[in-house]
Amino acid sequence: YRSKARGRGSYTLFTPDMVESHKRKLLLANGIEKGLTNDEFVLYYQVKVNNDGRVIGVEALIRWQHPEFGLVMPNEFIPIAEQGGKITAITRWVIKRVCIDMPTLKQWASSPFRASINLSGHDLRSTQLFDYIYSTFTAHNVNPENFEFEVTESAYLENFALSNKFFRRIGNMGCAIALDDFGTGYSSLSYLTQITIDTLKVDRQFVMELQTSERSRLVTGAIIDLAKRLSLSVCAEGIENLDQWDYLKQHGCDNVQGFLFSKPIPLASLIDSPCHFNSEEFA
Ligand code: C2E
Ligand code: MG
Ligand code: MG
Ligand code: MG
């Protein structure tokens, strides 16, 4: 557990915990390809609801049912996949999986309906993703208007020109585009005048602070206002109680998602649950 990496007399101590976590990281990094071929990944779906309580879409959120570690969450393995150059394979798997699930989703939900897929910055650097999406949509005979792609503002801005090109093509095909985790990065707002997106997603951090911080309420209101002035729709994430939903509704937020309605759940459970939420259910 000792290394002399920093020279004579200086020791870095590796605790058993650090060794374990390093081992876990390596096993995850090296297991992605096998995991994809062995179907160890699963998509969970979380509903998005409009102000009438109607389910207008779902967000696809990936999990890894790992043979050794059990259910592994995306915040742990997505960065590892990005670092190891494996994210493209995961993204393709997700797109294909949602295409396969689409007929079932559409049968369960009412129309209009969109399933949202998260993209990472690495996906946008390759010009091949658009071709993959186009051919996969064609092969599964799905309507692009039933899809939305979510990307964080930092991922979008990593390569602004390529992102713009990619999303213009995606938008022309009929897919919607959402800017995820809006307001949590360090970017300036000037890029907003130069991009074509449909939706701003208000990050959970703002929603969490609605009841405790007047400043968060003001900033959240201002974000919704900004989106409206740009003719964008607004979706807030992480709604856990009625007070938060009420505030967001009153300030013009169009759609919400959060544990108040449902946690992300497997497809089989989703289509067993209601696709409409009556206000009485929350009383
Ligand atoms: P995200 O896209 O911002 O997704 C929202 C996250 O917030 C999800 O976490 C969701 O389970 C969680 N969430 C939603 N409502 C609530 C709530 O009311 N309370 C709380 N405490 N949490 C809520 P999850 O599924 O762990 O995903 C985390 C992140 O991993 C996602 O953030 C997204 O950035 C990334 N991710 C998930 N699936 C994919 C994927 O297929 N591809 C890529 N590239 N990234 C993905
Ligand atoms: Mg998202
Ligand atoms: Mg988000
Ligand atoms: Mg978020």
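## Close-up views of a predicted model

**View 1. The magnesium ion (ligand 4) and its donors.** Along the chain, the donors of the magnesium ion (ligand 4) are spaced D-x21-D-x33-E. They are Asp-181 (OD), Asp-203 (OD) and Glu-237 (OE), lying 2.3 to 2.8 Å from the ion. Donors here are N, O and S atoms within 2.8 Å of the metal (3.2 Å for Na, K and Ca); water is not among the atoms, so sites may look incomplete. Asp-181 lies in strand S8 (residues 176-182) and Asp-203 in the loop between strand S9 (199-202) and helix H8 (204-208), so the pair ties together parts that are 22 residues apart in sequence. Helices (H or I, at least four residues) and strands (E, at least two) are DSSP runs, numbered from the N terminus. Asp-181 is partly exposed, at 24% relative accessible area. Asp-203 is buried, at 11%. Buried means under 20% relative accessible area, exposed over 50%, and partly exposed in between (1.4 Å probe, protein chains only).

This is a predicted model: local features need pLDDT of at least 70, side-chain atom pairs count only at pLDDT 80 or more, and totals for chains, interfaces and linings use all residues. Residues are numbered from 1 along each chain as its sequence is written, chains are lettered from A and ligands numbered from 1 in the order in which they are written, and side-chain values use heavy atoms, with hydrogens and water left out.

**View 2. Two bridging aspartates.** Asp-181 coordinates both the magnesium ion (ligand 4) and the magnesium ion (ligand 3), which are 3.0 Å apart. Asp-180 bridges the magnesium ion (ligand 2) and the magnesium ion (ligand 3), 3.7 Å apart.

**View 3. The magnesium ion (ligand 2).** Its protein donors are Glu-59 (OE), Asn-118 (OD1), Glu-150 (OE) and Asp-180 (OD), at 2.0 to 2.3 Å. Glu-150 lies in strand S7 and Asp-180 in strand S8, so the pair ties together parts that are 30 residues apart in sequence. Glu-150 is buried at 0% relative accessibility. Asp-180 is buried too, at 6%.

**View 4. The largest pocket.** A pocket is found on a 1 Å grid over the protein atoms alone: it is an open set of points where a 1.4 Å probe fits, with protein on both sides within 12 Å along at least five of seven lines, and lining residues have an atom within 4 Å of a point. The largest pocket holds about 1100 Å³ of space. Its volume is the space filled by probe spheres set on the points, which are joined across faces, edges and corners. Of its 38 lining residues, Glu-59, Leu-61, Pro-74, Asn-75 and Asn-118 lie nearest the centre.

**View 5. Helix H2.** Pro-74, Phe-77, Ile-80 and Ala-81 are buried in H2. Seen down the helix axis, they fall within an arc of 145°, so they line one face. The arc is that of the directions from the helix axis to the C-beta atoms. Exposed Asn-75 and Gln-83 sit on the face turned away from the buried side. Just after H2, Gly-85 has a positive phi of about 70°.

**View 6. Leu-43 in strand S3.** Leu-43 lies in S3 (residues 41-50). It is buried, at 8% relative accessibility. Beyond residues up to four places away in sequence, Leu-43 touches several others, including Trp-93, Val-94 and Pro-266. Contact means heavy atoms within 4.5 Å.
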